[in-house]
Amino acid sequence: MTETEKIKKQYGYENASAADVLTQQQIIAANEFCEDYKKFLDDCKTEREAVNTVVAQARGRGFKPFEYGKSYSAGDKIYYNNRGKSLILAVVGEKPVDAGVNIIAAHIDSPRIDLKPNPLYEDGEMAFFKTHYYGGIKKYQWPTVPLALHGVVVKKDGTELEIRIGEKDNDPIFYITDLLPHLADDQVKKPMYQAVPGESLNVLVGSLPVSGEGGDRIKNAVLKYLGENYGICEEDFISSELTFVPQMKARDIGFDRSLIGSYGHDDRVCAYPCARVLLDMDYTPERTAVAVLADKEETGSAGNTGMNTNFLYDFICELAGGQGVNVRKTLAASRCLSADVNALFDPNFPEVYEKRNSAFINHGVCLTKYTGARGKSGTNDASAEFVGLVRKILNDAGVVWQTGELGKVDAGGGGTVAMFIAKLNIEVVDIGVGVISMHAPYEVVSKLDVHSAYNAFAAFVRNSK
Ligand code: MN
Ligand code: MN
C-alpha cells in the first residue's frame, strides 16, 4: 500500500456501492423485500389507497384503532387513520413517552393529474376531462402516457363511491393527446415549460355520440355511461377527488433486474419501508416507535392531512396525556427521520450535479443534513449533534448509506416535511432513497437502496440511547 493509499484508508471518506459491501444473502433479502414493495406500488397509487392497504396490514398484525383519551402502555400497537388520507402507526415503548419518541415520517401522495370540479366537455367530436395537475410536474412528460382513473366521489345523497378504472387488463385507460411532429414546428421551439400548457392537459374519455339530434351528444354519451354504470351525475364531480395516475405497473429495469421502474416512488419508496418497520416489529422497543404516512407533501404540506397541521402533535399529546407525562418534554426528547427521496446522480445531466456531494445509485440510503433552495432557504438544517447520532446508529447497524445534496447550489432545490416536524421542537434530519427521473410518470430506484432504507429505519427505531 502506498503512502497516499494508507492516508486515504485511514482518514479519507469513501463511499462504496452496496453491491461491493453486501453479502449474497443480504442481496437476496433486498430483492425479496422489493417484490413486496412492487406489489405495494401497484396497489397504492393514491394516498387513500396507501392508507387502506397499510391499515389492513396493521390490523392483521394486531394494531388497534387509536382512541382519544385512552392510556397506552408498553407493547400496545395502534394506528391513527386521519380522514383516510394520512396515517400514524405506533408501537408503545417500555419507557414513558417523555423519554422521547422515535419517529419516521414519509409521504404517500405523489404528483398526478387531478380533475377540475367541472371537468367534462366535448370538442372536435371527442369528450375530455379538464384537469389541474397536482405537485411539481414537467407537463410535457404526461401526454401520450397510459392513464388510470383513481379516487372517490361523494354523491348527492352523501354516499361515497371508490373509483379505480384502468388497472385491470380489460379495463379502458385514458390519454392526454400530443401534437404530431409534422405539425409541431412552433411547439418544439418553445421552452419546455411552455410547450405543453396546463390547460392543454385534457384527458380523452370518449368519442361516440348518443343517437338523435341536439348538442353535446358525445359529452352526453359519457354522462349517460357514468350515470348508468356508477350512478354519478355531473354535479357529483364537484364533491370528488378523482385523479389520473400512470397506468403502468412496477417492473424490473435492466438485464440484471437491479432497478425498479414505477409511478410514485416519491415517496412510497420511503413510506413502504417506514410502515414495514412498524408492521414487522416483533419486540417492544424501549422508546415508543411512530411511523407517519403523510398526505399533501407535494403541494407544500398544507391541509389537515398534511404535515403542516396538528395531527402528529395531537397524537403525541394524547400519548403523553394518557401516561400522565409532560408533552413538551416528550416533544423535546423526541427524534425523527424525515424520510423522503433525493436526486440520484444522472450521468446524462451531469451539469446540475456536484459529484462530490451527490447520491449515487446503489450506494445506499441518502442522509441529507439540509435541503432548501437559494442559500438553504426553507430547510430544517439538522444539527451536527443529531446527524452525528444518526450516522452512528447507521454505522453501528452496518447500514449502507451515503450523503448527498439535491444538485448544485444554484441549480434549484426542494423541501420536505422536516421543517414542519422541527416546528414541534423535535430533532429531525432528512434521509431517503435516491431516485432517477423524480416526479416523472415513471421513476427509477435501486433495489439495494430500497432495502438500505428499511435497514436504516429499523435501526433508528430500535435505538434508545
Ligand atoms: Mn417527496
Ligand atoms: Mn416530490
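Entry 1: L147 belongs to strand β7 (residues 147–154), and seven bridges hold β7 to β11 (residues 240–246) in the antiparallel sense. My labels: helices (H or I, at least four residues) and strands (E, at least two) are DSSP runs numbered from the N terminus, and two strands pair if DSSP finds at least two bridges between them.

I also checked β8 (residues 160–165), which pairs with β7 in the antiparallel sense through six bridges. There, L149 sits opposite I165. β7 and β8 make a hairpin with five residues between them, and G158 in the turn has a positive phi of about 90°. Seven of the eight residues of β7 are buried, so the strand is largely enclosed by the rest of the structure. Buried here means under 20% relative accessible area, with exposed over 50% and partly exposed in between (1.4 Å probe, protein chains only).

**Entry 2: ground rules.** I'm looking at a predicted model, where local features need pLDDT of at least 70 and side-chain atom pairs count only at pLDDT 80 or more, while totals for chains, interfaces and linings use all residues. Residues are numbered from 1 along each chain as its sequence is written, chains are lettered from A and ligands numbered from 1 in the order written, and side-chain values use heavy atoms, leaving out hydrogens and water.

**Entry 3: the metal.** Which residues coordinate the manganese ion (ligand 2)? I found D266 (OD), E298 (OE), E298 (OE) and H439 (NE2), at 2.0 to 2.6 Å. Donors are N, O and S atoms within 2.8 Å of the metal (3.2 Å for Na, K and Ca), and water is not among the atoms, so sites may look incomplete. Along the chain, the donors of this ion follow the spacing D-x31-E-x140-H. D266 also bridges to the manganese ion (ligand 1), and the two ions lie 3.3 Å apart. D266 is in helix α8 and E298 in the loop between β14 and α9 (311–323), so the pair ties together parts that are 32 residues apart in sequence. Buried or exposed, D266 and E298? Both are buried.

**Entry 4: the sheet by α8.** I followed α8 (residues 265–279) next: it lies across β13 and β23, at about 30° to β23. Angles run from 0 to 180 degrees between N-to-C directions, with axes as lines fitted to C-alpha atoms, for helices over the stretch in contact; contact means heavy atoms within 4.5 Å. The open sheet here has three strands in the order β12-β13-β23, paired antiparallel. Its edge strands, each pairing on one side only, are β12 (251–253) and β23 (443–446). Four bridges join β13 (residues 259–262) to β23, and L259 faces S446 there.

**Entry 5: helix α7.** I noted that α7 (residues 217–230) buries I218, K219, A221, V222 and L226. These cover an arc of only 160° around the axis, which puts them on the same side of α7; the arc is that of the directions from the helix axis to the C-beta atoms. Their cover includes β5 (112–123), β6 (126–134) and β10 (203–206). Just after α7, G231 takes a positive phi of about 65°.
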